[in-house]
Amino acid sequence: MSQNRYDAIVIGGGHNGLVNAAYLARAGRKVVVLERRHLLGGAAVSEQVFPGFTFSVFSYVVSLLRPEIIRELELPKHGMQILPLESTVTPLSDGDYLAMWGDADLTRRELYRHSPLDAEAFVEFGRLMSLMARAVKPIVGMIPPDPTSLAPSDLRGLMKLGGHLKSLGAEQFHALWKLMTMSSSDYLDEWFEFGPLKATKSASGIIGTFMGPRSPGSAYVLLHHYMGEIDGAYRAWGFCKGGNGTISNAIAAAARARGAVLRTEAPVKQLLVKGGRAMGVVLESGEELRAPIVVSGLDARRTYLELVDPRELPGDLVEQVRRFRFRGSSGKVNLALSELPDFSCMPGVGVHHKGAFSISPSVDYLERAYDEAKYGEFSRRPYMDIVFPSMIDPGMAPPGRHVASIFVQYCPYRLNGGWTPARREAFGDAVIDTLAEYAPNLKRAILHRQVLTPADIEEKIGLSEGNIFQGELALQQLFFLRPAARWASYRTPIAGYYQCGASTHPGGGVMGAAGRLAAQRILADA
Amino acid sequence: MRVPHRLKTTPFYARTAPLMQGQNWRRWAGYAAASCYEFTHDREYAAVRNAAALFDVTPLHKYLVSGRDATRLLDRVVTRNVPKTQPHQVIYMGWCDARGKLIDDGTITRLGEQAYRMTSAEPNLRWLHRNAWGMEVRIEEVSERLGALALQGPLARDVLNAAAAEPVDGLKYFRMMDNRIAGVAIQISRTGYTGDLGYELWVPEEGALAVWDAVVAAGRDYGLMPAGIWALDVARIEAGLVMLDVDYHSAHRAMIEAQKSSPFELSLDWSVTLDKAPFNGRRALVAEKARGPAWRFVGIEVDWNSFERLYQDADLTPCLPMIAWRASVPLYRGGRQVGYASSGVWSPLLKKYLALAHVEAPHFAPDTPVEIEMTVEHRRLRANAWVRKLPFFDPPRKKA
């Protein structure tokens with residue numbers, strides 16, 4: 001019986017659950033992580049979907065992972081290696097392209113070709129956004145205080161927050177205000193004139209949300225994607241060698257090295273509660289594990305409405321969680337390729353294949369793609385963010401062969417008539433047909449394809465409605481409202497029961513911040 | 001690819017590339033620019049002060065501003081009185097943001113009644129556009145189309161007289177003339193970045209090689225040498241000329257307030273005319289002038305004896321920086337840091353170790369003794385130095 005007793009049980013072996021377990025183990029706690037699937041990582045997994053071809057099946061790039069986690073958990077020592085993913089190329093409808101390269105001079109020269117004014121604005125925009133990322137960094141790194149509470153810890157947090165906002169100065173404060181209230185398209189209109197540039201930038205504002213680039217609030221999502229920091233540089237995106245599963249494996253190794261027990265194929269059925277206190281969990285198998293602390297890395301819906309009998313919770317919290325918006329809007333197409341797509345706008349194989357391709361020729365294009373989703377259809381001509389991991393890490397595919405990772409929006413969870421295998425393949429066809437317009441050899445290059453809709457994402461890795469952020473990064477679901485008012489500080493109304501997933505502040509994107517902050521909360525409460 | 005993955009090259013590249021002995025290329029505004037053509041820059045620098053040197057300064061940003069409101073626009077942007085400039089006059093100045101902090105510095109040449117050419121170190125097209133709202137003005141970037149050569153040194157006039165269709169004897173300091181070299185219509189301004197007698201040649205791209213060849217041929221009898229940035233850097237420090245991104249940061253690029261500088265803080269007072277029509281930063285500059293600047297940009301001369309002693313103590317002979325350094329080096333007075341040097345070099349002409357520095361009030365008065373940090377054999381030490389008035393070198397021939 002004693003081997004079933006722990007100091008803490010973490011439900012869900014996603015990256016946040018693993019981070020949380022690693023920090024608890026680091027503080028000397030006896031921790032077990034329980035993962036439903038046969039492998040750890042949740043949405044950050046690498047799998048050989050087709051023999052010889054490895055995919056970051058769901059999340060596929062890295063930027064937002066907090067540098068303090070990399071440092072404190074010594075992730076490089078545990079196998080994580082970040083490779084540069086420097087460029088973004090947007091094929092245009094007239095056969096030309098727009099490129100943003102890793103080098104400032106090269107990017108300037110390229111942007112200048114399209115708009116001399118934008119070439120300059122680009123540098124100043126980058127400066128302001130990195131100031132913004134720095135401005136929100138302390139907010140991202142803090143346990144959200146409750147602004148309606150008079151508790152000393154909340155007041156301290158609010159004072160700290162107020163002092164920080166005051167220190168920003170007018171230019172930054174006003175920019176932050178705009179980013180919190182505007183649409184990404186409107187915000188970018190203030191900076192740029194070249195449509196495809198605005199479209200490609202605004203695409204960062206729609207990722208993972210059921211909003212169009214013209215929806216207010218999307219500017220915040222844009223900022224969210226600028227918060228990433230690699231080697232001290234904001235807005236740096238990278239590719240993890242071996243795929244994003246390597247990140248999870250490195251965190252898992254860090255947790256294991258500190259004594260955490262990591263169990264796979266151990267689906268949790270329910271939280272054990274007695275007298276309003278968490279006592280442990282019972283697995284689907286009937287096995288019971290005991291611990292005074294149980295942490296859920298699952299999304300808010302599963303954390304509150306599935307693992308727990310709602311009668312254990314205040315009615316208003318149940319109501320808030322029921323209203324918490326998931327509305328998965330993204331799909332993924334993973335391709336095994338016999339050859340690289342040959343883009344008509346940039347013929348041949350080259351350095352451009354080592355960066356991203358963005359199918360975002362205009363803001364109208366993105367907004368139209370959204371329109372279809374708004375009325376329950378997938379976009380016939382969707383937004384796509386495409387990378388070729390085998391061009392960055394040759395180990396991802398057999399020599400001479402390649403893999404492509406295609407992030408697609410919009411692909412609504414609630415499709416008219418519901419998702420069926422045939423509809424899924426029709427969605428996959430729309431993606432391939434659209435991309436083939438830019439790279440005519442694509443269809444003959446495809447050896448295998450895997451199509452994932454939000455319904456598939458939900459079914460495979462448990463993210464409700466397939467939302468990649470465990471709930472939209474909408475303003476009414478951020479900070480002290482994530483996932484619910486009064487319950488944004490990683491605690492739940494059940495004593496000893498905590499939440500640590502991306503449904504909590506500061507949200508998703510393989511940041512790990514929620515897992516770390518939750519561990520801080522748990523350790524401070526003990 | 002429509003934009004090759006290469007640095008840009010200037011219209012003179014076909015001539016400069018074969019001169020390059022040590023592959024000493026560097027970046028300048030997205031162009032490949034020569035640090036020096038020979039293996040070291042000694043002779044290239046000597047040519048600046050002894051004969052004549054030819055620099056390819058095409059990477060400067062260049063804008064043509066014309067139209068009914070051209071004068072109004074520029075007068076609103078820069079700190080000097082543009083309406084008062086004469087046709088064919090050149091003025092040097094900076095331009096500020098609304099808080100009176102410098103964005104960039106450069107020259108404006110009045111080409112006609114309502115036609116100007118503006119040069120800058122960084123791109124400023126967007127800033128000009130943002131200030132031109134509601135004005136009838138045409139702003140055209142000619143950076144790539146217009147090659148630029150700087151012909152600098154005591155014999156520069158002789159070289160030009162030998163090369164150009166019209167003599168340049170009558171061309172006064174900071175004036176411009178139309179001329180022809182090798183049949184190519186060019187403009188020659190008596191300007192430069194060396195603090196010496198010198199000219200800048202504004203050459204249409206298509207005539208670039210012909211002009212280069214003619215100038216080089218004419219210069220053969222006068223010891224003319226093509227020269228790179230290393231030589232230019234020594235000369236501009238001797239001349240006390242400030243450099244963007246080295247000695248100061250643009251208000252548009254600075255990440256914090258403390259990284260910004262006003263024209264007063266850069267000792268460019270002479271280029272600020274407060275009693276003219278309203279211009280960007282005027283209000284802040286008026287207030288700053290009233291209270292006095294918190295910083296000044298000054299010369300620093302290192303005390304040789306003190307400098308030598310630091311090396312003697314380590315059993316070494318002094319190691320002189322022949323290539324100018326571009327770094328932030330602390331300055332102290334009375335044990336407290338009172339500023340920082342931003343560039344420094346050994347002056348082979350003046351036989352002095354010189355630096356350009358930002359010094360806080362009240363330590364910036366000429367001849368104030370300070371200490372400058374030096375690293376000698378891995379140890380951070382301090383040498384005695386003095387604040388000096390700029391420029392260090394100002395020969396009569398510059399304006400004569």
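Two strands pair if DSSP finds at least two bridges between them. The exercises below concern a predicted model.

**Exercise 1.** Determine which residue stands opposite Ala53(B), and describe the sheet around this position.

*Solution.*
Step 1. Ala53(B) faces Gln152(B), a residue of strand 9 of chain B.
Step 2. Strand 3 (residues 52-56) and strand 9 (residues 146-152) of chain B pair in the antiparallel sense, over four bridges.
Step 3. In chain B, six strands form an open sheet with mixed pairing, in the order 10-11-12-9-3-13. Strand 10 (176-181) and strand 13 (224-226) of chain B are its edge strands, since each pairs on one side only.
Step 4. On average, neighbouring strands of this sheet are turned by 25° against each other, direction ignored. Helix 6 (residues 208-219) of chain B packs on the sheet, and its direction makes about 165° with that of strand 3 of chain B.

**Exercise 2.** Decide whether Gly157(A) is buried or exposed.

*Solution.*
Step 1. Locate the residue: Gly157(A) belongs to helix 5 (residues 152-167) of chain A.
Step 2. Apply the cut-off: a residue is buried if 20 or more other C-beta atoms lie within 10 Å of its own.
Step 3. Gly157(A) is buried because 20 other C-beta atoms lie within 10 Å.
Step 4. Leaving aside residues up to four places away in sequence, Gly157(A) touches Met142(A), Ile143(A) and Pro145(A).

**Exercise 3.** State how many residues each chain gives to the contact, and which helix of chain A supplies the largest share of its side.

*Solution.*
Step 1. Chain A gives 16 residues and chain B gives 16 residues.
Step 2. Helix 4 of chain A supplies the largest share of the side of chain A that touches chain B, with eight residues.
Step 3. By class, this side of chain A has eight nonpolar, no polar and eight charged residues.

Terms used:
Residues numbered from 1 in each chain as written. Chains lettered and ligands numbered in written order. Predicted model: local features only at pLDDT ≥ 70, side-chain atom pairs only at ≥ 80, totals over all residues. Contact = placed C-beta atoms within 7 Å. Helix = DSSP H or I, 4+ residues; strand = E, 2+ residues; numbered from the N terminus. Nonpolar A, V, L, I, M, F, W, Y, C, P; charged D, E, K, R; others polar. Buried ≥ 20, exposed ≤ 12 C-beta atoms within 10 Å, placed from the backbone. Axes fitted to C-alpha atoms, helices over the stretch in contact; angles between N-to-C directions.
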